[in-house]
Amino acid sequence: MAYRIRAKTEDQTIRVTLHRGRNVVGSDPSCEICLQHPTVSRRHAAVTVTDGIIEVEDLGSRNGTLLRSQPIERAALVPGDVFVVGRAVLTLEEVEDEDLEVGIGVARAGEEVVNRTFKPHETTQIFSPLDRFSLDFLPQLLEQLLAGVGRERFAQQVGAALFDALAPAAAVEVIDTAGARGVLFAAEHAEIDLKTPQWIDAAGDGCQVRVLFPSQAAGRHFRPIIQSAALLVSLSGRRKAVEPAPAPRPGQRAKRPSPPSVVPEVQRIYDQAERVARGDVGILIFGESGTGKEVLARFIHAASPRAAEPLVAINCASLPRDLLEAELFGVERGVATGVEARAGRFEQADKGTIFLDEIGDMAPETQAKILRVLQEREVFRIGSHTPRPARARVIAATNRPIHKMLADGTFRGDLYHRIATWEVELPPLRRRRADIPSLAAHFLSREAQRYGIHVPGISRAALRLLSRYRWPGNIRQLRNEISRAALFLEDGELLDTERLSPAILGAQPLRTATSLAEVLEEVERDEIRAALEVAAGDTAAAAARLKISRPTLYRRIKNLGLEVPKA
């Protein structure tokens, strides 16, 4: 365990980790705990740490040092004690060592994780991890190195390449040993069984690359790749960056969302989406709320020949039927008192793309009107008899069980066949836990830039809690959690467990399954729990989401020892 002081004045709150020996408190910048306040003397007090004993001593200050409302010259402290220096209130805290270590670094303001566009080698021959790293990733890495990509961003690309290429690896870390950035990249496969885990390390100039293998034998063969990766990171940042390339023309390769996913399932989805974008077919995206359906839709539009034309999005569940139709089709002047002519979303998206989010919540009558627009490629504003062009490509998304709705007649089959030439389902965040560290760091970097502060990163302990939480709200919930936590960070502070919400702190540790039956049981438990949370305890809605009967759901809840959340 370690100790730190939380010091609070009227203007700010700072937290300083105590080192062994004497830690001086005062207004002088040379003090270990510097408090710029008129009531604090230049060298006001000292907190001394020796062999588990912590003492506070007044150094002859002008306004004295108080402990339990009494002035003191010297006194012992225990975690939780509060003492006063001038008007500053200081609290001694005991923290885990891992809560003081950077689990993943955060890019500074103005920096961004470079999008990785690695493509699997298209061949039927089976390649070793060494071949895969050399053939699939090394050319891209060398290209980025010659382009002068910054050290931190390049280190993240190298880490992602190792994580993809080294199939037996359980975890990969790239660490900055020259500055105060901490861990630049971190990802792990939670499902790999670690019987005799072995870290294989390789040091470079100002960096360290670490890869965790399930056994010493498994890792020994990959040491040359890890050493090469460390050398590549060492060489980065030395070449002056070249001028950015011109923006891609419509139909050229689009930039994938940042940060890049290290989950094969997500990578495959974007590989397929890039191909589908070339055509003009309808696309239907399935996925829970917050999984990034609109992000995928925007990527498809950017990768399509329609990229130079507008992408227009609308949430079909957020408006009542009449207002939704007015938004979709537009209105003509005079259709009601005071109403001016207004183009609808289909008209605005002509020659471009329209994204119909939550299309499963659309009324059957509106479905019929949309079908006609898609068939005729023209739209009539409400109150008008003049057709207007509506040659938009349709990308739709839903978290509803569309196939069940087709069977019971609540969703039109003819419309479904128009919009679902290519179907894809985005996995929930609980099935892509390896992406949580980089996503959290990306959101924190963005918030730090927004508030004008520098945040070194996220502590190992906080990262462990974030990675084991189930995230029923998926990526959107993770983004909101990081945004909320960033509000309470001071400049230079690490995001640690104290900044996390009670739901994250109270999350149960992930179980380690040892058999196929246990793996399947864990997946079923997670899916049922998530469905119940999304449905706010409504078992009928949860059963429909899981495509099982309500009695079956009750039976599985009982057998798995789950609780139904209160609505």
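Reader: Which residues in H5 meet which residues in H6?

Author: A caution before the details: this is a predicted model. In H5, the residues are Ile-269, Tyr-270, Ala-273 and Glu-274. In H6, they meet Val-295, Leu-296, Phe-299 and Ile-300. By class, this contact of H5 with H6 has seven nonpolar residues, one charged and no polar ones. Look at the numbering within each group. An α-helix has 3.6 residues a turn, so residues three or four places apart point the same way.

Now the geometry. H5 covers residues 264–276, and H6 covers residues 293–302. Their axes lie 9 Å apart, and the packing angle is about 35°. The crossing of H5 past H6 is right-handed.

H2 spans residues 151–165, and H4 spans residues 223–235. The axes of H2 and H4 come within 9 Å. They cross at roughly 165°, so H2 and H4 are roughly antiparallel to each other. H2 also passes H4 in a right-handed crossing.

From H2, this contact uses Arg-151, Phe-154, Ala-155, Val-158 and Leu-162. H4 brings Ile-225, Ala-229, Leu-232, Val-233 and Ser-234. The contact of H2 with H4 divides into eight nonpolar residues, one polar and one charged.

Stay with H2 for a moment. H2 has 15 residues. From first C-alpha to last, H2 reaches 21 Å, close to the 21 Å expected at 1.5 Å a residue. Of its 15 residues, 13 are buried, so H2 is largely enclosed by the rest of the structure.

Terms used:
Residues are numbered from 1 along each chain as its sequence is written. This is a predicted model: local features need pLDDT of at least 70, side-chain atom pairs count only at pLDDT 80 or more; totals for chains, interfaces and linings use all residues. Side-chain values use heavy atoms; hydrogens and water are left out. Axes are lines fitted to C-alpha atoms, for helices over the stretch in contact, and angles run from 0 to 180 degrees between N-to-C directions. Helices (H or I, at least four residues) and strands (E, at least two) are DSSP runs, numbered from the N terminus. A crossing is left-handed if the near helix is turned anticlockwise from the far one by less than a right angle, and right-handed if clockwise. Contact means heavy atoms within 4.5 Å. Ala, Val, Leu, Ile, Met, Phe, Trp, Tyr, Cys and Pro count as nonpolar, Asp, Glu, Lys and Arg as charged, and the others, Gly among them, as polar. Angles under 35 degrees count as roughly parallel, over 145 as roughly antiparallel, 65 to 115 as roughly perpendicular and the rest as oblique. The expected span of a helix is 1.5 Å times one less than its number of residues. Buried means under 20% relative accessible area, exposed over 50%, partly exposed in between (1.4 Å probe, protein chains only).
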